Amino acid sequence: MIYTRLWRKKKLNIFVRRLHVEEKLQKKGFRIPPPVKPKGSYTNVVQTGNLLYISGHLPFKFHPEQKVLTENVIVGKVGKDLTLEQAQDAAKSCALSIIGTLKEHLGNLDKVSKIVKLNGYVNCSDDFRDQPKVLNGASEFLVEVFGPEIGTHARAGFYKLIVVFYFILCIFYLDTIVLG
């Protein structure tokens, strides 16, 4: 366990017990996946000072019994080929994939002190209107895993695009992560 020191106006030292991010994932039955190797002339992570910029991650199918990501990418349009719930699960799988990339880069996920911004691209039918709810799948998972203080972030979503290779989402660029 780690303890976070909170400072109050009266300058009292109060220590709050906080579970390690990896312990939270394990308690929920998730395994951290290895990062996907870049498919082009880029890198998964760029670090400058205490800031990390994460490249986009695709939604891989999730094996529900083993709680791991498979090598199969989810394709289709939300509202046509996939339901809202399936799209939210795809967004969650992107977030888990990003956590795998962070784990490889940092070694310890507890080094993340703030997730600043998340960008998501949703491939959906013309009549689909719940795009923000799709992105909630990733946002809520990050808050659940990192806690509200670290995991709550700003977000931008782009919709009704023809996303590369007909993937359901090209998620989620974590624009900025601050390291503690």
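A residue counts as buried when its relative accessible area is under 20%, as exposed when it is over 50%, and as partly exposed in between (1.4 Å probe, protein chains only). By that rule Glu 22 is partly exposed, because its relative accessible area is 24%. The model is predicted: local features need pLDDT of at least 70, side-chain atom pairs count only at pLDDT 80 or more, and totals for chains, interfaces and linings use all residues. Residues are numbered from 1 along each chain as its sequence is written, and side-chain values use heavy atoms, with hydrogens and water left out.

**Overall layout**

- The chain has four helices and nine strands; these are DSSP runs numbered from the N terminus, with helices (H or I) of at least four residues and strands (E) of at least two.
- Along the sequence, the order of elements is β-β-α-β-β-β-β-α-β-α-α-β-β.
- The chain has 180 residues, and 41% of them count as buried.
- A contact means heavy atoms within 4.5 Å. Among contacts between residues at least 6 apart in sequence, 75% join residues at least 24 apart.

**Strands S3 and S4**

- Strands S3 and S4 pair in the antiparallel sense over four bridges; two strands pair if DSSP finds at least two bridges between them.
- Thr 48 has Leu 51 in S4 as its bridge partner.
- The two strands form a hairpin with two residues between them, and Gly 49 in the turn has a positive phi of about 60°.
- In a regular strand the side chains alternate between the two faces of the sheet.
- Strand S4 (residues 51-54) has Leu 52 and Ile 54 on its covered face, and Leu 51 and Tyr 53 on its uncovered face.

**Asn 44**

- Asn 44 sits in the loop between helix H1 (21-27) and strand S3 (45-48).
- Asn 44 counts as buried because its relative accessible area is 13%.
- The side chain of Asn 44 reaches the backbone oxygen of Val 36 at 2.8 Å.
- Leaving aside residues up to four places away in sequence, Asn 44 touches Pro 35, Val 36, Pro 38, Tyr 53, Ile 54, Ser 55 and Thr 101.

**Salt bridges**

- Side chains of opposite charge can pair when their charged atoms come close.
- A salt bridge is a side-chain nitrogen of Lys or Arg within 4 Å of a carboxyl oxygen of Asp or Glu, and the count by this rule is three.
- Glu 22 and Lys 103 meet through their side chains in a salt bridge, at 3.1 Å from N to O. Glu 22 lies in helix H1 and Lys 103 in helix H2 (residues 84-106), so this pair ties together parts that are 81 residues apart in sequence.
- Lys 103 counts as partly exposed because its relative accessibility is 26%.
- Glu 144 and Lys 28 also meet in a salt bridge, at 3.1 Å from N to O. This pair links distant parts of the chain, with Glu 144 in helix H3 (residues 131-146) and Lys 28 in the loop between H1 and S3, 116 residues apart.
- Glu 144 is partly exposed at 37% relative accessible area, and Lys 28 is partly exposed at 34%.
- Lys 133 forms a salt bridge with Asp 130, and their closest N and O atoms are 3.8 Å apart.
- Lys 133 is partly exposed at 40% relative accessibility, and Asp 130 is partly exposed at 29%.

**Arg 155**

- Arg 155 belongs to strand S8 (residues 154-159) and is partly exposed, at 31% relative accessibility.
- A polar contact is a pair of N or O atoms within 3.5 Å; within protein, one must be able to donate a hydrogen and the other to accept it, and residues adjacent in sequence count only if both atoms are side-chain atoms.
- The side chain of Arg 155 makes a polar contact with the side chain of Ser 139 at 3.0 Å.
- A polar atom of the Arg 155 side chain lies 3.4 Å from the backbone oxygen of Leu 135.
- Arg 155 and Pro 132 are 23 residues apart in sequence, and their C-alpha atoms are 9.6 Å apart in space.
- Not counting residues up to four places away in sequence, Arg 155 touches Lys 117, Leu 118, Pro 132, Leu 135, Asn 136 and Ser 139.
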